[in-house]
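Trainee: I would be grateful for a close look at the aromatic rings of this protein and at their surroundings. Please begin with whatever term I need in order to follow the description.

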Amino acid sequence: MTAHLPTVELPRYLQAGDPGWSTSADVIVVGSGIAGLTCALRLRERVGRVLLVTKTVLSAGSTQWAQGGIAAALDPEDSPQEHLDDTLIAGVGLCDADAVRALVTEGPVRVRELVALGAEFDRAPGGDILLTREGGHHRDRIAHAGGDATGAEISRALIAALDRVKNDPEIEVIEHALVVDLLTDAEGRVCGVTLHVIGEGQQGGVGSAYARAVVLATGGLGQIYSSTTNPSVATGDGMAAALRAGARLTDLEFVQFHPTVMYLGEGAIGQQPLISEAVRGEGAFLVDDTGERFMQGRHPQADLAPRDVVARAIVARMRESGAEHVWLDARHLGTDFLERRFPSIVTRCRELGCDPATQLIPVAPAQHYASGGIWSDLHGRSSIPGLYACGETACTGVHGANRLASNSLLEGLVFARRIAEDIADRFAAGDLMAAVPVEPDDDRGLLAADRRRAVQRAMTSGSGVVRSAAATEETHAALRALLAEPSSAQPTTQAWETTNLAHLGLALTAAAHARAETRGGHERLDFPERDDDSWLGHLHHVRSGRELTMSYVHQEDSGR
């Protein structure tokens, strides 16, 4: 590494108070998106008691917002090898080939299992699943449902499957519960969680849940930025808890900014309306204020280039012209087609005063997906015994420096199933026995909830779409100053979330400062070129002692 920011201390636990109740299970699954639900349902078939914990209600995660679809080589003329090739290209040299191979070879089977479970995908006239194309794919391999409501349909099907076994005493669901921290034993093995049940939950306040294994499927960290396509629950809670517990986090600097998010004006914050890449897959294209199709000639796939390429091109055109956004032109697709293929997008645009059938849509990049997260191997195991991770909270090696469109839902399906099988096999072998957690000994103060905007402004300014050494240094200093402020903040959901965002922001910014090149979702103004000689590898973060440490591992030495 060529650049370092000051070392920071990270507490082991967040201030939470003494647990007032407890429960136990064989496995705790945290999160109710495609990854968490798939894992919990399979575990129920193979192990004893499963506890599924979700932050609000079962349907509130990121899965329901997935518009584009799920990618899999379902067409006889397609192949897992071609899907693998496209994924490796999008990952810009940093994908784990074995992880990608598992994704693309097992993916079609997992999708068909989802259909058997009740998920209803859109069908072609002959009855086969209708397949479309998105950026970075060279084949039509994107299955979708309800036009642009794929995630919502998958979520519905999985929740319905869970509802069918709701009377099974071997599976329990606790809604409105935020996991605050991971519990570990004297040897550092994970053996449970502390969680706060909010309002409508079954228990009140902070409690402890014990288990032989914990699966984190808590989604992304989109709320770390001022504008994101992620829902309000995406505050990186699982990643932050794992980091404090000593788990390795990897590739945090590779944040995907979706190129076509509807621009709502200066000052718009929080979750923003996504205009799916599938709209461009059906023929829409980008233009600037003069009407020029500026993606022509920039990449062989033009408007369907990988997302990092399109996002950078948009930012460059905005920088050149001084415009606050560019435009997406879908008018030529016609009202009937747009309303049939993209009903949710059309409805939302019209609610906001823009009719895609007759008007250009103002778009600009916004945070969309975290390619990095909790390092996990091919079985979903983290670097801490007993802790697993899947979905967006994990870094499986599938995405590398930039996620290929519609691979995220597939990753959740494939690796959730792998985790469930691994846990069941280890239980059968007598592994992962129950343990006694060590009592917390360094409860720290919290960042006040009203400082969240300050965290988001700092991250957007210095660790956002475009970065530099000076900008990341300024962001890191701002976050350190926020965390050093005297605080009398009480333990609340908002304070825990804000502190989690600040902790992850420190690690993400340190990685963005250290990686002196531009690759995938990471763009450096001061290092605009890719540098394979120095940077064909990964940055790992681990809490060692009380300090957050960072190390670089070359791609050849980073196998799972």
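Mentor: Helices, of at least four residues, and strands, of at least two, are DSSP runs numbered from the N terminus. On that basis the protein chain holds 14 helices and 26 strands. Please bear in mind that this is a predicted model.

Let us turn to the rings. A pair of aromatic rings is described by the distance of the centres and the angle of the planes. Y225 belongs to the loop between strand 13 (213–216) and strand 14 (227–228), while F257 belongs to strand 16 (residues 255–262), so the pair ties together parts that are 32 residues apart in sequence. Both Y225 and F257 are buried.

The other pair consists of W535 and Y552, and it too is edge-to-face, with 5.3 Å from centre to centre and 80° between the planes. W535 is found in helix 14 (residues 532–535) and Y552 in strand 26 (residues 547–554); the pair therefore ties together parts that are 17 residues apart in sequence. Burial must be considered for each partner in turn. Buried means under 20% relative accessible area, so W535, at 3% relative accessibility, counts as buried. Y552 has 26% relative accessibility and therefore counts as partly exposed.

Of its 560 residues, 61% are buried. A compact globule with 560 residues would have a radius of gyration near 24 Å, and the 22 Å of the protein chain agrees with this. The C-alpha trace spans about 65 × 55 × 45 Å along its principal axes. Among contacts in the protein chain with a separation of 6 or more, 73% are between residues 24 or more positions apart. As for the surface, the protein chain exposes about 20,000 Å², of which carbon and sulfur atoms supply 49%.

Notes: Residues numbered from 1 in each chain as written. Predicted model: local features only at pLDDT ≥ 70, side-chain atom pairs only at ≥ 80, totals over all residues. Heavy atoms only, no water. Buried < 20%, exposed > 50% of the residue type's maximum accessible area, 1.4 Å probe, protein only. Phe/Tyr/Trp six-rings, centres within 6.5 Å; stacked < 30°, edge-to-face > 60°. Rg over C-alpha atoms; globule rule 2.2 N^0.38 Å. Contact = heavy atoms within 4.5 Å. Areas by Shrake-Rupley, 256 points an atom, 1.4 Å probe, with all protein chains shown as cover.
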